[in-house]
Amino acid sequence: MHRDHPDSPLASAEGTTLAQRWEAAVNRSDNQIAARGRRLADFQTPVTRIGGFSGEYIMSIAFGTPPQRFVGLVDTGSDLVWVQCVKCPGCTNFVQPDPFYDPTISSSDEYIGCSDKQCSVFESPPLCSTTKTCQIDYGYVDGSFVSGTLTTETITLSNTAGANPVASGFVMGCMNNNSETGFDNFDGIIGFGRGTFSLPSQFSTIAYLRVFSYCLVPFAATTTQTSSMLFGTSDPANALGLVYTPLLDIGTTNYYVNMTGISLNGEALDILPSAFQYIKSTDSGGVIFDSGNTVTRFGPDVYDTLRQAVSNLITYPEVTQSNLDRYCFDITGVQTPVYPKVTLHFGGMDGSSVVDFDLGDENSFGPYSGDDGVSCLAFRKSGSEESSIGGLQQANHYIETDVEKMRMGWVTKDCTV
């Protein structure tokens with residue numbers, strides 16, 4: 001569910017028109033990128049993104065026996081799943097939509113001991129309580145943090161097909177303190193990264209669900225429809241006709257892919273594949289898929305080349321809303337604007353072929369909130385050489401992540417049906 005959906009506790013008064021919502025989402029994306037970093041020295045756990053937890057998607061999740069239901073913010077840039085167990089000391093403005101998780105009424109809750117190897121993943125040496133349970137401090141790069149107890153529980157997800165899938169022995173954080181800032185109006189964070197304790201990683205080991213996929217409805221439909229997410233195993237027959245690119249083994253959290261180029265109307269832009277490569281010596285560059293970010297970001301050289309190429313093809317006049325990292329133009333009175341077709345290129349599984357990620361107009365261009373007659377390129381300039389493929393561009397694509405075969409696949413699809 002997108003945060004703007006009426007059923008979302010994060011639905012806000014940031015604007016109700018499509019253009020206003022689009023602008024607010026882009027601004028949240030700006031804040032996330034500004035806060036992107038590597039790790040906090042005070043915490044053992046590396047987390048590589050977040051800015052006030054302004055993620056775009058939430059999902060319903062339940063822990064315990066009987067199930068206690070919560071609303072969690074999906075974060076593709078972190079690896080821990082946690083909910084709040086008690087109100088943090090000194091928090092005066094902390095608000096969450098549901099009651100705190102109560103382990104005392106669950107028959108399946110089991111605390112992890114500080115001598116357990118799972119505890120040492122978070123802290124070395126492990127932090128112990130007086131009762132020898134594992135204590136963790138989990139920090140994010142914007143300075144926010146949570147702390148509490150590591151435990152195992154039964155996890156339950158809602159299922160539109162009927163029965164609710166359940167898995168036991170799921171490692172989660174039962175938090176008793178947080179920095180308060182940025183955690184309002186949802187119950188916890190659902191880490192969706194590649195790390196050991198993220199939701200997809202744990203499902204792949206304890207429930208043998210090694211593939212997850214999603215189909216995001218386009219931004220214009222996010223206030224009326226929800227998006228689907230599936231967990232399961234790969235389809236050897238590939239009935240949907242997905243094309244695949246390898247997941248690169250870079251770091252422990254983000255989903256890095258091998259992007260090789262960009263085309264407009266079938267013509268390749270003059271961008272070397274090296275512009276998208278991760279540089280290990282400087283820990284910089286590379287391309288990740290990040291649905292928690294609204295718009296796609298490219299490094300300065302790539303973005304400037306794309307922007308110039310688009311402006312060469314756009315016949316509508318540029319407007320004053322444009323700036324160094326935003327290109328906008330006037331489409332007042334134009335019933336059916338004509339835009340260039342953007343295609344992103346990625347390396348295939350065989351190491352030599354190229355697979356395409358085709359974008360529709362709704363993926364590449366969006367409205368400007370100040371004037372409904374203004375349209376803007378839905379790509380932005382990154383503050384670094386790292387690039388990220390955002391949720392706006394991923395919409396209307398069925399996207400599959402196979403953590404066992406280390407690959408990501410997609411096919412263009414109408415996600416509203």
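1. A disulfide is taken here as a pair of cysteine sulfur atoms within 2.5 Å. On that basis, a search of the whole structure finds five disulfides. The model is a predicted one, in which local features need pLDDT of at least 70 and side-chain atom pairs count only at pLDDT 80 or more, while totals for chains, interfaces and linings use all residues. Residues are numbered from 1 along each chain as its sequence is written, and side-chain values use heavy atoms, with hydrogens and water left out.

2. One of the disulfides joins Cys85 to Cys174, with an S to S distance of 1.8 Å. The pair links distant parts of the chain, 89 residues apart: Cys85 is in the loop between strand 3 (81–84) and strand 4 (110–111), and Cys174 is in strand 8 (residues 166–178). Helices (H or I, at least four residues) and strands (E, at least two) are DSSP runs, numbered from the N terminus. Cys85 and Cys174 are both buried; buried means under 20% relative accessible area, exposed over 50%, and partly exposed in between, with a 1.4 Å probe and protein chains only.

3. Cys114 and Cys128 form another disulfide, with 2.0 Å between their sulfur atoms. The angle about the S-S bond is 100°, and the link of Cys114 and Cys128 is right-handed. Cys114 lies in the loop between strand 4 and helix 2 (117–120), and Cys128 lies in strand 5 (residues 127–128), 14 residues apart. Cys114 counts as buried because its relative accessibility is 11%. Cys128, with a relative accessible area of 41%, is partly exposed.

4. A disulfide is also formed by Cys215 and Cys415, whose sulfur atoms are 1.9 Å apart. This link of Cys215 and Cys415 is left-handed, with -80° about the S-S bond. The two cysteines are 200 residues apart, with Cys215 in strand 10 (residues 211–215) and Cys415 in the segment after strand 28. Both Cys215 and Cys415 are buried.

5. Which residues have the most contacts inside the largest nonpolar core? They are Phe63, Leu199, Ile262, Phe298 and Leu344, in a core of 60 residues. Helix 4 (residues 300–313) gives the most to this core, with five residues. A second, separate core has 20 residues, including Cys114, Leu150, Phe186 and Ile189. A nonpolar core is a set of buried Ala, Val, Leu, Ile, Met, Phe, Trp, Tyr and Cys residues joined through side-chain atoms within 4.5 Å.

6. Gln68 lies in strand 2 (residues 68–75). At 12% relative accessibility, Gln68 counts as buried. Beyond its neighbours within four places in sequence, Gln68 is in contact (heavy atoms within 4.5 Å) with residues including Phe63, Phe100, Tyr101 and Asp102.

7. Helix 3 (residues 199–206) is largely enclosed by the rest of the structure, because six of its eight residues are buried. The buried residues of helix 3 are Leu199, Pro200, Ser201, Gln202, Phe203 and Ser204. Tyr208, which follows helix 3, has a positive phi near 60°.

8. Strand 12 (residues 243–248) runs antiparallel to strand 28 (residues 407–412), and four bridges join them. Two strands pair if DSSP finds at least two bridges between them. Val243 stands opposite Trp410 in strand 28. Strand 12 is also joined by two bridges to strand 13 (residues 255–257), again antiparallel, with Leu248 opposite Tyr256. Six residues lie between the strands of the hairpin of strand 12 and strand 13, where Gly251 takes a positive phi near 65°.

9. An open sheet of four strands has the order 15-14-21-22, with antiparallel pairing. Strand 15 (267–268) and strand 22 (354–358) each have a single partner strand and stand at the edges, so one side of each is left without a neighbour in the sheet. Five bridges join strand 21 (residues 342–347) to strand 22, and Thr343 stands opposite Asp358.

10. Ser353 lies in the loop between strand 21 and strand 22. Ser353 is partly exposed, with a relative accessible area of 31%. The side chains of Ser353 and Asp350 are joined by a polar contact of 2.7 Å; a polar contact is a pair of N or O atoms within 3.5 Å, where within protein one must be able to donate a hydrogen and the other to accept it, and residues adjacent in sequence count only if both atoms are side-chain atoms. Ser353 and Thr245 are 108 residues apart in sequence and 9.6 Å apart in space, C-alpha to C-alpha.
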